[in-house]
Amino acid sequence: MKRLIYTILTLMLALPVFAEDIEITFDKLPEKAQKVVLKAFPDKKIKKVEIERRASLTQYELKLSDGIKMQFAKDGTFTECECTKGAVPDMLIPSKIRSFVAKEFPGRIVTRIEHDSKLYEISLDNGVELCFNSSFRLIDIDRAVEI
């Protein structure tokens, strides 16, 4: 029994060692990801592209000029975009979410979007964070508290 516990603990500690981040060139990204980057940010310079490998996860991370960060799943599906200077391009935001933000938060811009198969998380330039389900229904609002 002690041997089994020791083996499990050793594996748990060793798994993070198998994580690696490898810098790659833009042309090594999946074609699907390349198309999204070139369409959403045609004038931005690509500073860094990495493939991140973890025990059960492979994803791509890009850093562009003007503090823009993007992430893509292994197959090239867009999963996250953060813009520190300006708005996330409309093409990366589902139309129902864009309409909701325009109606409920007029004059505000989306500075970050992150999504997976179940949720969309949106950050606005005033610190408000919105969470939508896969049907684009609002399920949570986190309003920044100013002191």
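Where is D66 found? I looked it up, and D66 is in the loop between β3 and β4. Helices and strands here are DSSP runs (H or I of at least four residues for helices, E of at least two for strands), numbered from the N terminus.

**Ground rules.** I am working from a predicted model, where local features need pLDDT of at least 70 and side-chain atom pairs count only at pLDDT 80 or more, while totals for chains, interfaces and linings use all residues. Residues are numbered from 1 along each chain as its sequence is written, and side-chain values use heavy atoms, with hydrogens and water left out.

**D66 and its surroundings.** I checked the accessibility of D66 and got 33%, so D66 counts as partly exposed. The cut-offs are under 20% relative accessible area for buried and over 50% for exposed, with partly exposed in between (1.4 Å probe, protein chains only). I then listed what D66 touches, not counting residues up to four places away in sequence: K44, T84 and K85. Contact means heavy atoms within 4.5 Å. D66 and K44 are 22 residues apart in sequence, yet their C-alpha atoms are 7.8 Å apart in space. The hairpin of β3 and β4 has three residues between the strands, and D66 takes a positive phi there, near 65°.

**The sheet.** I traced the strands next. They make an open sheet of nine, in the order β1-β2-β3-β4-β5-β6-β7-β8-β9, with antiparallel pairing. Two strands count as paired if DSSP finds at least two bridges between them. As a reminder to myself, strands of a sheet pair through backbone hydrogen bonds, either parallel or antiparallel.

Which strands stand at the edges? I found β1 (20-24) and β9 (138-142) there; each has a single partner strand, so one side of each is left without a neighbour in the sheet. Neighbouring strands of this sheet are turned by 20° against each other on average, direction ignored. For such angles, axes are lines fitted to C-alpha atoms (for helices, over the stretch in contact), and angles run from 0 to 180 degrees between N-to-C directions.

**Helices on the sheet.** Helix α2 (residues 31-40) packs on the sheet and touches β3 (58-64) and β4, and its direction makes about 155° with that of β4. Helix α3 (residues 95-104) also packs on the sheet, where it touches β6, β7, β8 (129-133) and β9; its direction makes about 140° with that of β8.

**Strand β3.** I wanted to know how enclosed β3 is. Six of its seven residues are buried, so β3 is largely enclosed by the rest of the structure. On one side, β2 and β3 pair over seven bridges in the antiparallel sense, and they form a hairpin with four residues between them. K48 stands opposite K63 in β3. β3 and β4 pair over six antiparallel bridges, and the partner of K63 in β4 is K69.

T79 sits in strand β5 (residues 78-83). With a relative accessible area of 18%, T79 is buried. Leaving aside neighbours within four places in sequence, its contacts are Q71, F72, A73, I113, E114 and H115.

How many residues line the largest pocket? I get 13, of which T79, E80, E114, H115 and D116 lie nearest its centre. β4 (68-73), β5, β6 (110-115) and β7 (119-124) are the elements that give two or more residues to the lining. A pocket, on a 1 Å grid over the protein atoms alone, is an open set of points where a 1.4 Å probe fits, with protein on both sides within 12 Å along at least five of seven lines; lining residues have an atom within 4 Å of a point.

**From β6 to β8.** I went back to E114, which stands opposite E121 in β7. β6 and β7 form a hairpin with three residues between them. In the hairpin of β7 and β8, four residues lie between the strands, and G127 takes a positive phi near 90°.

**R108, last entry.** R108 is in the loop between α3 and β6, and at 39% relative accessible area it is partly exposed. Not counting residues up to four places away in sequence, R108 touches V101, L124, D125 and N126.
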